[in-house]
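The following exercises concern local geometry and packing in one protein model. Each task is followed by a solution in steps.

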Amino acid sequence: MSIASRTDTQATEVHAADRHDLIRVIGARVNNLKDVSVEIPKRRLTVFTGVSGSGKSSLVFGTIAAESLRLINETYSAFVQGFMPTLARPDVDVLEGLTTAIIVDQQRMGADPRSTVGTATDANAMLRILFSRLGTPHIGSPQAFSFNVASISGAGAVTIERGGQSVKERRSFSITGGMCPRCEGRGSVTDIDLSALYDDSKSLNEGALTIPGYSMDGWYGRIFTGCGFFDPDKPIRKFTKRELNDLLHKEPTKIKVDGINLTYEGLIPKIQKSILSKDVDALQPHLRAFVERAVTFMTCPECGGTRLSEAARSSKIDGISIADACAMQVSDLAGWVRGLDEPSVAPLLTTLTETLDAFVEIGLGYLSLDRPSGTLSGGEAQRVKMVRHLGSSLTDVTYVFDEPTTGLHPHDIQRMNDLLLRLRDKGNTVLVVEHEPETIAIADHVVDLGPGAGTAGGVVCFEGTVKGLRDSGTITGRHLEDRTTLKKTVRTPTGTLEIRGAAAHNLRDVDVDIPLGVLVVVTGVAGSGKSSLVHGSIPAGAGVVSMDQGAIRGSRRSNPATYTGLLEPIRKAFAKANGVKPALFSFNSEGACPNCNGIGVIYTDLAMMAGVATTCEVCEGKRFEASVLEYRLGGKDISEVLAMSVTEAEQFFGAGEARTPAAHAVLERLADVGLGYLSLGQPLTTLSGGERQRLKLATHMGERGGVYVLDEPTTGLHLADVEQLLGLLDRLVEDGKSVIVIEHHQAVMAHADWIIDLGPGAGHDGGQIVFEGTPGDLVADRSTLTGEHLAAYVGAA
């Protein structure tokens, strides 16, 4: 064979390494998946669709991404694995062709008081280097501009071995940090109401302390009575100045009580370390109530809320300090950085400009770098995480996105689609869980799960192209082209809610009259001021039921029955029917199985290996003591009731021996929001984002109120479920309620009686009312971005 012909033969053969172009999943059974088998093409954009609760997240996050992360974690040493979360192997027969998974989900970013948009990305780090090089006067290294580094100095004798002899020399050191010494880099200071900490008419032994958890019966009592700094039997109002100072402000001091070494610390520093260092919203309810009662937060008077020391604020580039730069809107900051011409830091300026441009491109140009990361919505947090990956040098990895269009105006969705395609075109596998038709349309491959939700789902209904999905006849395929028509007639308002001079965040002295007794939709591009107007201007007082996008907090002990308050009337009904205490019918109280403490499973921690959960052998996963299961209501025991679906329970408690009106009312609300398939005892940790949102809606519907404020209730909802949501909103209005919805979904806009459109842009380009009127007028007018997209949606000529 000649050399030429041998070369031709090699060219036609596929290299063995190029044959692994599929991710194969065989027999996945995570959560509600029923032996699901799929083949997902690599280096393509695959969208997973299906009704909320159909198993999309279980397949993508719980199976594919979870196994990829587990396998990566196993490559680390046993020592390192001991500090990492333990991940169990997903319940699946075969997983082949996995690549490194990078998950970009909607989990809220850590709400640490010192975490900002700038620190969560690399933008702040680059700015600090820039100011340390170009800032005048020069004050030090990059850490001199960091509000997380405190300035420290010290001096003392050090021993040095020199020429075979020990020589003592005096040395001094100093670290220049950028932290404001007054607020310690938090931007706000706390003023504590002492009367909320203790009752000064009582002594400590009489229970003077009113701080949650500070009981004289435990360790605190032992420390206070044995420290010797004050008399625990003397009323606090009779303490001397020194005794009161020791009680409130004393620095950590070693003491010995009953032969045990302990540390005494004043109440205020102790509270600041244990409670006030955490995000208030993340605290347990009783601690949050204490903080709201006892503590006043105000902007730090020394740094003006910038978190930075005076020296850090004094160093400037072209008259701009790092505090000024971080307070700028990112789109403006990008323009300022672009205008800096300094060859010595040219590579840094290029990288910083690209990072800031990525913010703008992703629709977050309205943020500022000093924005606390805990205040970002789920959609904003997800897009901030995306900024890190857009400029990444990594290729051939799997990016996993959870509804990346959440919180985006139709105008911004196209930009998000372009970014997903860019990631794919770099040679990455992109997996997206999504309901938005515009994003489904750009997919190379579609996997549709269903046909229903919960136990009625977990099956692959369709796998193929978008065109094939449209012709498939599945729920998603049938609803893909759905378009809600404009209302022919709109309701007449029964009154108005006046807002005058609204100036929160970027609002520009907005005056607006919100009609009452109708369905009002507040819309506008992301960052235009919708939430600022509604949540910041409508008083959340009597008669106003406000439902924001805050995540449901719940452990594996929490379930729909406990979260909605449904379990309370059920326990009372069981207790009344059997003549025993209601506490017996709680798996968190007296009725809990003593072996598993009411969890139903036994968790075995295997150190650096994945923990194992096994069904409790004593209660067989039923969570209750055997004696409790002998008590029945309507022929069912409490564990059988918790295993029921909402639909079954609604019939069970609606009539007959088990008739319980209070429980039936809660179950009706759960069915109204489309959660009829959920089982009452399903842990909240297994619910999808859309299910949690609707569970919250069902809970708030039980509150007495005349005005309902909903923040993007279509989040996580399938196209088929949006219609049901519109029916629910109509029923609320027909019952005499006023419903105000912050929303981007065109179906909700088209169904509204009145639309308030904010804009015209985001950040300082927004904050104005650009349209008020009916959806028909908005479409006919087409004077705003929302009007143009709504006109295209309803097919207006």
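Residues are classed by relative accessible area: buried means under 20%, exposed over 50%, and partly exposed in between (1.4 Å probe, protein chains only). The model is predicted: local features need pLDDT of at least 70, side-chain atom pairs count only at pLDDT 80 or more, and totals for chains, interfaces and linings use all residues. Residues are numbered from 1 along each chain as its sequence is written, and side-chain values use heavy atoms, with hydrogens and water left out.

**Exercise 1. Cysteines**

Determine how many disulfides the structure holds, and classify C461 and C616 by accessibility.

Solution. A disulfide is defined here as a pair of cysteine sulfur atoms within 2.5 Å. By this criterion the structure holds zero disulfides. For C616, the nearest cysteine sulfur belongs to C619 and lies 3.7 Å away, and C616 is in no disulfide. With a relative accessibility of 1%, C616 is buried. C461 has a relative accessible area of 31% and is therefore partly exposed.

**Exercise 2. A helix pair**

Describe how the axes of α8 and α9 cross and identify the residues that make the contact.

Solution. Helices are DSSP runs (H or I, at least four residues) and strands likewise (E, at least two), numbered from the N terminus. Axes are lines fitted to C-alpha atoms, for helices over the stretch in contact, and angles run from 0 to 180 degrees between N-to-C directions. The axes of α8 (residues 267-276) and α9 (residues 285-294) come within 12 Å and cross at roughly 130°. Angles under 35 degrees count as roughly parallel, over 145 as roughly antiparallel, 65 to 115 as roughly perpendicular and the rest as oblique, so α8 is oblique to α9. Contact (heavy atoms within 4.5 Å) involves I271, I275 and L276 of α8 together with L287, F290 and V291 of α9. I271, I275 and L276 are also among the buried residues of α8.

**Exercise 3. Backbone exceptions**

Solution. Most residues other than glycine have a negative phi, and most peptide bonds are trans.
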